[in-house]
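Here's a quick briefing to read alongside the model. Have the sequence and the structure open as you go.

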Amino acid sequence: MPELNAIISAALAARASDIHFVYGLPIRFRVDGSLTDMDDHRLTHEECEMLARELTSQTLGPMGEIDDALSFPDGTRVRINLFRQQGHASAAVRILSDHIPELQSLGLPPAVNEFPKLGRGIVLVTGETGSGKSTTLAAILNEINHTRNDHIITLEDPIEYLYTPDRCIVNQREIGQDTASYADGLRAILREDPDVILIGEMRDLSTIEIALTAAETGHLVFSTLHTGSAPDAIDRMVEVFPEGRQRQVRMQLSMTLQAVMSQQLLVRKGGKGRVAACELMMVTPAIRNLIREGKTPQIMNALATSASEGSITMDNRLIKMFKDKQIDAQTAREAAHDPDYVKKNTMF
């Protein structure tokens with residue numbers, strides 16, 4: 001089995017986003033969304049245990065899991081999740097980019113390029129794991145870093161992109177290293193004079209509660225959620241709270257939410273590389289009323305009719321990407337919320 005450095009180098013050469021170490025299987029890379037074997041050598045129990053020791057200084061016991069991050073001498077950084085399966089050590093390793101792309105280079109809906117100019121409120125980026133949420137947020141924050149004289153504080157688990165402070169002060173706090181938990185970090189954050197706050201993930205009631213308070217008191221808050229569409233994000237945040245508080249939370253959201261973007265990464269036409277498909281909901285007065293009144297099912301209709309504000313549904317974005325020859329028809333249909341609608345509009 002190659003040394004860990006050689007495995008990382010091979011993954012970088014293959015343009016892999018993730019590496020998987022599993023007992024009894026070859027080392028596998030995820031390239032453009034699909035898994036492929038590095039070679040035909042199958043990992044033994046001893047090799048899996050050795051890799052676990054090399055990946056983290058923490059001890060993986062007979063059961064459980066560990067989250068960690070690791071930097072290599074060449075500057076490559078990885079995010080690690082070690083875990084036990086059937087008594088063997090396994091690992092999922094995410095390769096973290098050392099380069100923050102320019103916001104305009106990501107091919108996102110044009111209204112997203114205005115996010116760095118926002119003064120206050122909440123902006124959410126949603127999508128499944130590996131859908132590019134962190135990259136989008138890093139590009140937005142770095143644009144703020146280069147164009148505003150503000151104080152940016154991030155709470156991340158772990159830190160993914162490293163910012164070089166420019167016009168902004170940037171403090172990046174890692175859960176488990178710089179602060180014990182999201183709850184502890186968030187309790188302190190409003191005493192640290194921030195202008196812009198990045199919360200790695202809206203995980204629970206206390207996280208959402210403090211994010212709402214921060215937005216209400218004049219801060220600009222960015223965060224992520226694991227939901228499949230922009231309107232779903234509203235229900236996900238509200239339903240975390242007891243029923244007696246949900247009306248108040250809807251009111252707070254209606255006043256503070258600025259935009260919700262839902263992302264998925266799709267294979268480019270021709271099979272080389274991936275491209276982001278985004279649904280964008282700009283929160284208009286009509287949508288604020290629907291949030292306040294708890295009429296979430298009607299938000300999708302409002303989203304479909306608010307294109308003039310910069311909003312776009314996922315299905316209409318997929319159709320546009322097909323017409324722009326970024327993705328093929330099959331990819332568009334498989335990613336659609338309404339495959340029949342997309343199919344009708346992607347016929348040759």
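Helices α7 (residues 243–256) and α8 (residues 285–293) have axes that come within 8 Å and cross at roughly 170°, so the two count as roughly antiparallel (that label needs an angle over 145 degrees; under 35 is roughly parallel, 65 to 115 roughly perpendicular, and the rest oblique). This is a predicted model, so local features need pLDDT of at least 70 and side-chain atom pairs count only at pLDDT 80 or more, while totals for chains, interfaces and linings use all residues. Residues are numbered from 1 along each chain as its sequence is written, and side-chain values use heavy atoms, with hydrogens and water left out.

**Helix packing**

- α7 passes α8 in a right-handed crossing (right-handed if the near helix is turned clockwise from the far one by less than a right angle, left-handed if anticlockwise).
- On the α7 side, Arg 250, Met 251, Leu 253, Ser 254, Met 255 and Thr 256 meet Arg 288, Ile 291 and Arg 292 of α8 (contact means heavy atoms within 4.5 Å).
- α7 also has α5 (residues 205–216) as a partner: these axes come within 10 Å and cross at roughly 45°, so this pair is oblique.
- The α5 and α7 crossing is left-handed.
- As for terms, helices (H or I, at least four residues) and strands (E, at least two) are DSSP runs numbered from the N terminus; axes are lines fitted to C-alpha atoms, for helices over the stretch in contact, with angles from 0 to 180 degrees between N-to-C directions.

**Cores, and Leu 253**

- The largest nonpolar core has 37 residues, and Leu 124, Val 221, Ile 234, Leu 253, Leu 257, Met 281 and Ile 291 have the most contacts inside it (a core is a set of buried Ala, Val, Leu, Ile, Met, Phe, Trp, Tyr and Cys residues joined through side-chain atoms within 4.5 Å).
- α5 supplies the largest share of this core, with 6 residues.
- A second, separate core of 30 residues includes Ala 139, Leu 141, Tyr 161 and Val 196.
- Leu 253 sits in α7 and counts as buried because its relative accessibility is 0% (buried is under 20% relative accessible area, exposed over 50%, partly exposed in between, using a 1.4 Å probe and protein chains only).
- Leaving out residues up to four places away in sequence, Leu 253 touches Leu 212, Ile 234, Met 237, Val 238, Arg 288 and Ile 291.
- From Leu 253 to Ile 291 is 38 residues in sequence and 7.3 Å in space, C-alpha to C-alpha.
- With the neighbours up to four places away again not counted, Leu 257 touches Ile 122, Leu 124, Ile 234, Met 281, Val 283, Arg 288 and Ile 291.

**The sheet**

- An open sheet of 7 strands runs in the order β9-β8-β10-β11-β7-β12-β13, with mixed pairing (strands pair if DSSP finds at least two bridges between them).
- β9 and β13 (274–282) are the edge strands, each pairing on one side only.
- Neighbouring strands are turned by 15° against each other on average, direction ignored.
- β7 (residues 121–126) and β12 (residues 257–267) run parallel, joined by 5 bridges, with Val 123 standing opposite Ala 259 in β12.
- Helix α3 (residues 133–147) packs on the sheet, touching β7, β8, β9, β10, β11 (220–225) and β12, and its direction makes about 170° with that of β11.
- α4 packs on the sheet too, touching β8, β9 and β10, at about 165° to the direction of β8.

**Strand β8**

- In β8 (residues 151–156), 6 of 6 residues are buried: His 151, Ile 153 and Leu 155 point one way, and Ile 152, Thr 154 and Glu 156 the other.
- β8 pairs with β9 (residues 169–174) in the parallel sense over 6 bridges, with Gln 172 as the bridge partner of Thr 154.
- β8 also runs parallel to β10 (residues 196–199), through 4 bridges, and Ile 153 stands opposite Ile 197 there.

- Most residues other than glycine have a negative phi, and most peptide bonds are trans.
- The bond from Asp 157 to Pro 158 is cis, with omega near -5°, and Pro 158 lies in the loop between β8 and β9.
- Asp 32, in the loop between β2 (26–31) and β3 (34–42), has a positive phi of about 50° and is buried, at 14% relative accessible area.
- Asp 193, in the loop between α4 (182–189) and β10, has a positive phi of about 55° and is exposed, at 60%.
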